[in-house]
Amino acid sequence: MKIVMALSGAFFVLYVLAHMYGNLKMFAGQEAFDSYAFHLRELGEPILPYEGALWLIRVALVGALFAHAGSAFYLWKRANEARRTRYAVKRAAAASLSSKTMRWGGVTLLLFLAFHLMQFTFHTFEVGGSFLGPYDRVYGAFQVWWVVAIYLAALGALGMHLKHGVWSAAQTLGLTSTPRAARHAKATAVATGVVVAGGFALPPLSILLGLI
Amino acid sequence: MRITLKIWRQASATAAGEFATYDLDEVSPDMSFLEMLDVLNEGLTAAGLDPVAFDSDCREGICGSCGLMIDGLAHGPERTTTCQLHMRSMKDGATITVEPWRGDSMTVIKDCVVDRSALDRIVQAGGYVSVNTGAAPDAHAVPVPKAKADRAFTAAACISCGACVAACPNASAMLFLGAKVTHLGELPQGQPERDARVVAMARQHDAEGFGGCTNIGECAAACPKEIPLDVISQLNKDLRHAMAKGL
Ligand code: HEM
Ligand code: FES
């Protein structure tokens, strides 16, 4: 009995929970940006040291990312091994674009994540000048059209990943056993994808167009 | 109708296979797909050649043995079994590619015949159902709510043809498994062994080497019996409940 728990459960449950959790971290605000960035670092004080909570979150995020990518690659490998002789002709009857791009889309997101962290967290490089505060850094970067273009592309990928991911997670957790629940899960998934991609796209677009 | 067939030939499970091309000139649009293959085979036999092996039995869409991948779609372009597909669904002059189901858990025995016994072993792993034997009980001795009876019936329509596995990009058998689990799980008679059954069957599914489901939905779209995707959710729910009880 434990084997099922380990085999299917590992990717059913852990996978889903860890990644949904990781994802919710993305819903950060943008107003009062500098003070927000500062407050992040003193969150939980005095119980936790300076940057304590932030580090906890970072550790959880990295853990979630490993679990997510790990189970994704495990599923990918299993799928490949389950059909080593491919079809000469294979047509899709129902698969949505989002569902077919989960794997390469996920890898794209991972690359984007590296780019994004190097730019805004580690400051490995800066675009559009050299800046002191986070607000200026973001503001400066999004004056540059190709930075905005990269972010928009990544957000499109994220929106699609979430559209299938949220639906898939609901299905994997067994929350869609009635047609009505399935419809709601689909609607929620689409809404999540649109809201997340749209919400994140607002600041870079506004900055580029000079609205901020 | 004139049809060009590109069909998979493989002498045995261990031999390497390849496509062979055959032209058929006098195909009636009223023939079923299998009858068209019968005509092909009669011609091959008359010419002293080995006929193309394919599976079929009932030829009325209920036994599930006739699965073929036709132009990349399981059971072809219609929502039915290959035996119930007619040549009028094909274009005159078309080249049609015919392949066996592909998957390491459903390997080719000869030409287009595959070994689907892995699916049987999943059902076997489900074990027994406790029912009283002896004289047949009164029809309404065990009340079943209408909604549950309907859902069990929808799931019970599964004919184990394997189209869901064949169509799945992950080669997962979760729709099949979900149908079997939902079928008994919705009925009072299926309750005593419900938790143990789902766990044992899911374990067998994984042990057979089927892939993991990523909810793409190709299975339900390929199913000739139109079994809905929500049986997979039911399967996951039952599995979650069983695991919560420590099974
Ligand atoms: C290494 C990079 C990544 C890969 C290979 C990857 C792959 C996948 C795959 C294959 C699934 C689908 C599982 C299914 O269809 O059931 C999935 C789901 C999901 N992904 Fe990713 N992903 C990656 C990165 C990300 C990132 C960076 C995020 C968020 C910012 C993310 C958020 C999600 C969410 C929320 C789900 C749905 C939850 C679930 O079904 O478990 N993924 N991912
Ligand atoms: S031959 Fe029985 S279902 Fe097609």
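## Interfaces in a predicted two-chain model

Across the interface of chain A and chain B, 2 salt bridges are found. The structure is a predicted model, and every value below is computed from it. One salt bridge joins B:Asp206 to A:Arg78, with the closest N and O atoms 3.3 Å apart. The same rule, applied between domain 1 of chain B and domain 2 of chain B, gives a count of 1 salt bridge.

### The interface of chain A and chain B

The contact between the chains involves 41 residues of chain A and 49 residues of chain B. The size of an interface is often given as the accessible area lost when the parts come together. For chain A and chain B, the buried area is about 3,800 Å², and carbon and sulfur atoms give 54% of it.

Polar contacts also cross this interface: 28 residue pairs are found, both residues being at pLDDT 80 or more. On the side of chain A that touches chain B, helix H1 (2-24), helix H3 (52-82) and H7 of chain A each supply at least two residues. H1(A) gives the most to that side, with 9 residues. By class, the residues of the side of chain A that touches chain B divide into 22 nonpolar, 11 polar and 8 charged.

Helix H7 of chain A spans residues 145-172 and contains A:Thr172. The side chain of A:Thr172 makes a polar contact with the side chain of B:Asn215, at 3.2 Å. A:Thr172 counts as buried because its relative accessibility is 13%, and the cut-off for buried is under 20%.

### The two domains of chain B

The domain assignment of chain B gives domain 1 (3-110) and domain 2 (116-130 + 143-244). To their contact, domain 1 of chain B brings 15 residues and domain 2 of chain B brings 20 residues. The C-alpha centres of the two domains lie 28 Å apart.

Between them, domain 1 of chain B and domain 2 of chain B bury about 1,400 Å², with 56% of this on carbon and sulfur atoms. Of the area that domain 1 of chain B buries against domain 2 of chain B, 43% is supplied by B:Arg79, B:Ser105 and B:Met106, more than by any other three residues. B:Arg79 also forms a salt bridge with B:Glu226, the closest N and O atoms being 3.9 Å apart.

The side of domain 1 of chain B that touches domain 2 of chain B has 6 nonpolar, 7 polar and 2 charged residues.

| B:Asp206 | A:Arg78 | 3.3 Å |

### The surroundings of B:Met69

B:Met69 lies in strand S3 of chain B, which covers residues 69-70. With a relative accessibility of 1%, B:Met69 counts as buried. Leaving aside neighbours within four places in sequence, the contacts of B:Met69 include A:Tyr87 and A:Lys90 from chain A. In chain B, B:Met69 is in contact with B:Ala74, B:Thr97, B:Val98, B:Glu99, B:Pro100, B:Trp101 and B:Ala166. B:Pro188 is 119 residues from B:Met69 along the chain, and the C-alpha atoms of these two residues are separated by 38 Å.

Terms used: Residues numbered from 1 in each chain as written. Chains lettered and ligands numbered in written order. Predicted model: local features only at pLDDT ≥ 70, side-chain atom pairs only at ≥ 80, totals over all residues. Heavy atoms only, no water. Domains from an automatic or database assignment. Contact = heavy atoms within 4.5 Å. Buried area = accessible area lost by both parts, 1.4 Å probe. Salt bridge = Lys/Arg side-chain N within 4 Å of Asp/Glu carboxyl O. Nonpolar A, V, L, I, M, F, W, Y, C, P; charged D, E, K, R; others polar. Helix = DSSP H or I, 4+ residues; strand = E, 2+ residues; numbered from the N terminus. Buried < 20%, exposed > 50% of the residue type's maximum accessible area, 1.4 Å probe, protein only. Polar contact = N/O pair within 3.5 Å; in protein donor to acceptor, adjacent residues only side chain to side chain.
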